[in-house]
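Dear colleague,

Please find the structure below, handed over for your own work.

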Amino acid sequence: MWEDLEVTVEKSPEAARKAKPAPDTLGFGKYFTDHMFMMVWNKELGWHDIKIKPYQQFTLDPAAMVFHYGQAIFEGMKAYREEDGQMFLFRPKDNFERMNRSAARLCMPRFPVDKMAQWLKAFVYLERDWVPTAPGSSLYIRPTMIGVTPALGVKPAAEYYFYIIASPVGAYYAEGFNPTRIYVSDEQARAAKGGVGNVKVSGNYAASLYTEEVAKKAGYTQVLWLDACEHRFCEEVGTSNIFFVVGDELITPPLDGTILPGITRDSVIKLAESWGVQVKQRQISIDEVFAASKNGQLQEAFATGTAAVISPVGELAFKDDVYPINNGKVGELAQRLYNELQAIQHGRAADPFKWVVRVG
Ligand code: COI
């Protein structure tokens with residue numbers, strides 16, 4: 001059935017196209033391109049009305065279920081462009097497969113990954129002039145699915161919108177690639193086992209806002225979340241996965257149901273292992289991190305994510321104590337991973353894992 005699905009393309013008139021922002025003003029997620037992708041699902045028709053069309057608002061009934069019961073999932077991915085016009089996507093099918101897992105968890109409909117990857121290429125090609133080329137910049141792509149049926153009974157919606165919007169971006173953090181200062185929270189938690197911490201549902205991000213505001217008011221960039229049960233084990237940092245270099249090991253928390261299986265996390269593990277680095281996916285308690293900081297074994301910490309790429313951590317703060325990492329400087333491994341990932345994503349380096357998909 002899915003084989004027959006086709007997308008129609010309605011181009012925005014040239015005169016209606018927006019001015020492109022200057023490369024040094026991009027920030028993150030402030031500007032949106034001229035087009036969007038959108039399709040609709042219901043039981044009778046499945047996915048239908050599949051369109052790439054001018055970027056536009058849509059109206060929803062105030063009773064739309066997404067507003068009340070939070071059936072909303074999303075993904076984050078990027079397109080990269082070289083000065084010569086070549087463009088690349090990074091592991092797009094992995095994002096779409098993860099989105100289907102998020103959909104299953106929230107009783108939302110699945111979609112065809114191969115078709116979606118083709119439609120995404122067509123969308124990015126149409127928006128090619130929006131893909132920035134300045135170092136560290138890219139076109140951030142945001143696939144989103146929401147339940148839109150107007151009804152107040154608590155049950156899965158009967159109709160869904162799936163849409164993709166895109167935004168030219170620079171660094172996610174104001175610090176850019178400079179090390180961030182991170183606040184460790186043992187009061188609120190991000191996710192508990194059996195919950196939805198391992199899928200990309202919008203509510204996870206709403207639940208993180210309170211503690212992030214506390215951290216920001218105290219002068220920190222992000223929160224390091226600990227496990228919900230004992231408030232001991234490191235889980236994620238802000239919207240990203242977390243890695244620590246302790247002694248000669250690269251350690252990251254395991255995928256045990258409460259953290260997001262990041263595509264960048266997986267890429268970092270595979271790259272580091274291919275360089276002979278010992279990577280351990282294991283629980284690491286905050287006490288172990290602080291002890292390693294005190295005895296000089298903690299050499300680096302960094303966060304990984306599509307938006308954040310590789311984001312070195314220069315300091316951890318917990319209650320009244322501050323633990324500097326690598327004297328607040330970018331670590332050697334973080335720098336090497338950042339350089340190599342960027343080179344692969346831009347099609348400038350060999351791609352032994354076949355992660356990169358050429359557009360156009
Ligand atoms: C991403 O890294 O793509 C994310 O989804 C983080 C986002 C919430 C900014």
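**Cavities**

Gly76, Met77, Lys78, Tyr80, Phe90, Asn95, Ile263, Thr264, Gly305, Thr306, Val309 and Gln345 form the lining of the largest cavity. Strand 5 and helix 5 are the elements that each give two or more residues to this lining, and strand 5 has the largest share, with 3 residues. Helices (H or I, at least four residues) and strands (E, at least two) are DSSP runs, numbered from the N terminus.

Please note that this is a predicted model, in which local features need pLDDT of at least 70, side-chain atom pairs count only at pLDDT 80 or more, and totals for chains, interfaces and linings use all residues. Residues are numbered from 1 along each chain as its sequence is written, and side-chain values use heavy atoms, with hydrogens and water left out.

On a 1 Å grid over the protein atoms alone, a cavity is a set of points where a 1.4 Å probe fits but cannot get out, whereas a pocket is an open set with protein on both sides within 12 Å along at least five of seven lines; lining residues have an atom within 4 Å of a point. Grid points are joined across faces, edges and corners, and a volume is the space filled by probe spheres set on the points.

By this rule there are 2 cavities of 30 Å³ or more. The largest cavity has a volume of about 100 Å³, and its lining divides into 5 nonpolar, 6 polar and 1 charged residues. Here Ala, Val, Leu, Ile, Met, Phe, Trp, Tyr, Cys and Pro count as nonpolar, Asp, Glu, Lys and Arg as charged, and the others, Gly among them, as polar.

The second largest cavity holds about 40 Å³ of space. Its lining consists of Lys78, Tyr80, Gly136, Ser137, Ser138, Val309, Gln342 and His346, a set of 2 nonpolar, 5 polar and 1 charged residues.

The chain is assigned domain 1 (2-169) and domain 2 (180-344), with bounds from an automatic or database domain assignment. Their centres, taken over C-alpha atoms, are 28 Å apart. Across the two, 19 residues of domain 1 are in contact with 22 residues of domain 2, contact meaning heavy atoms within 4.5 Å. The lining of the largest cavity draws at least three residues from each domain, and the lining of the largest pocket likewise draws at least three from each.

The largest pocket has a volume of about 510 Å³. Its lining comprises 34 residues, with Phe74, Tyr140, Arg142, Lys200 and Ala307 nearest the centre. Helix 4 gives the most to this lining, with 4 residues. By class, the lining residues are 13 nonpolar, 15 polar and 6 charged.

**Two buried loop residues**

Glu82 is placed in the loop between strand 5 (77-81) and strand 6 (87-90). Glu82 counts as buried because its relative accessibility is 15%, where buried means under 20% relative accessible area, exposed over 50% and partly exposed in between (1.4 Å probe, protein chains only). The side chain of Glu82 makes a polar contact with the side chain of Arg348 at 2.9 Å. A polar contact is a pair of N or O atoms within 3.5 Å; within protein, one must be able to donate a hydrogen and the other to accept it, and residues adjacent in sequence count only if both atoms are side-chain atoms.

Ser285 lies in the loop between strand 14 (278-281) and helix 6 (286-294), and its relative accessibility of 8% makes it buried. The side chain of Ser285 reaches the backbone nitrogen of Glu288 at 3.0 Å.

Yours sincerely
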